[in-house]
Amino acid sequence: MTDFSPTDPAPLYELVTDVKARAFLQAMGRPDGRDMLYRMSGSVYARVPADALAPAIRHGQKLFGMEGYNIRRLHRVPDTNLLHVLTREFVCYTDPADPSTPLREWANPLDGRVYPVVPINNDAVNLGPFPITPDFRGFPCREIHEDWVWSMDIPPRTDLLETLADDFGLSEGVYTTMEMFDFYVNQQEARSRAEGIPQGAMRVRNSWTRSGPWAPFMGLAERDTNGGHLVYHARAWTLDGVDDLEPWLRKEAGAFFATAPSAPGPNQTSWSSFHAKELDGGRLTWAQWCEANGQPASS
């Protein structure tokens, strides 16, 4: 008999009887309890109502590439049937013309100042807990050609003025966004991995679209830009671990983002992460950071 640690997800995974539900859990993480990555690659565009910021920033303009990953692990709450998905993520904003070149600074064409580019470095971004029973089914699933597809449409809303005492230039200090995910799994592969505890990451493809405020390092206030914001469009695919990443990306991320979290904890967004790491937990305001870090563009 296999000895499992108290946090090992395998005993809960073995309870699940439905093959689609087992595939869903494998899209969330590895049933063998090891880390799994979603390698992300995409682009970031400006969405500007009425094209009101042209010609400085045009509606639909590609401002950045984005390259990074989410590293994750399935985690059982000891002595329960509760399963968490524990993740952290690191994403570089890259040169729009060269996805392997991380940007170090960004020239704001509205105020003429140059700001340091801060990557997405959220710790953590967790899901759950999910109660796992033999009749667990996961999210609704559709069959499209040879794939099973799970969709997740999430509308985050946070009053940053209330929670962080800083409005970040947002209208009423309220952060609103939309996060839309599609996960694609080949049915044949899923069925071939349905028995026992599969080893390694299942091959999952993901499409992700996000609509949300200007990134906090950009020095742009939503309330002063006619409601302008960013649209992220990316795709992602599973990898077994950081050793499968390109060397440049692994170097950029550093050792901290080489493993998933080991226990549940509070989630971060790009804004709460920026508040904690760039604003020193509120010792600076966002406006003060912009004033201190925005340098005049060289002529």
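1. Two strands count as paired here if DSSP finds at least two bridges between them. The model is predicted. By that rule, strand β2 (residues 62-76) pairs with strand β3 (residues 82-95): twelve bridges join them, and they run antiparallel. Within this pairing, I71 stands opposite R88 in β3.

2. Look next at the hairpin of β2 and β3. Five residues lie between the strands.

3. G42 stands opposite M66 in β2, and Y45 stands opposite K62.

4. How many residues of β2 are buried? The count is 13 of 15, so the strand is largely enclosed by the rest of the structure. Buried means under 20% relative accessible area.

5. β1 is mostly covered as well, with ten of its twelve residues buried. It has a pairing with strand β15 (residues 229-239), antiparallel over eleven bridges. There, R47 has H229 as its bridge partner in β15.

6. Helix α2 (residues 19-28) is mostly covered too. Eight of its ten residues are buried. These are A21, R22, A23, F24, L25, Q26, A27 and M28.

7. What caps the N-terminal end of α2? D18 does: one of its side-chain oxygens lies 3.1 Å from the backbone nitrogen of K20.

Key:
Residues are numbered from 1 along each chain as its sequence is written. This is a predicted model: local features need pLDDT of at least 70, side-chain atom pairs count only at pLDDT 80 or more; totals for chains, interfaces and linings use all residues. Side-chain values use heavy atoms; hydrogens and water are left out. Buried means under 20% relative accessible area, exposed over 50%, partly exposed in between (1.4 Å probe, protein chains only). Helices (H or I, at least four residues) and strands (E, at least two) are DSSP runs, numbered from the N terminus. A polar contact is a pair of N or O atoms within 3.5 Å; within protein, one must be able to donate a hydrogen and the other to accept it, and residues adjacent in sequence count only if both atoms are side-chain atoms.
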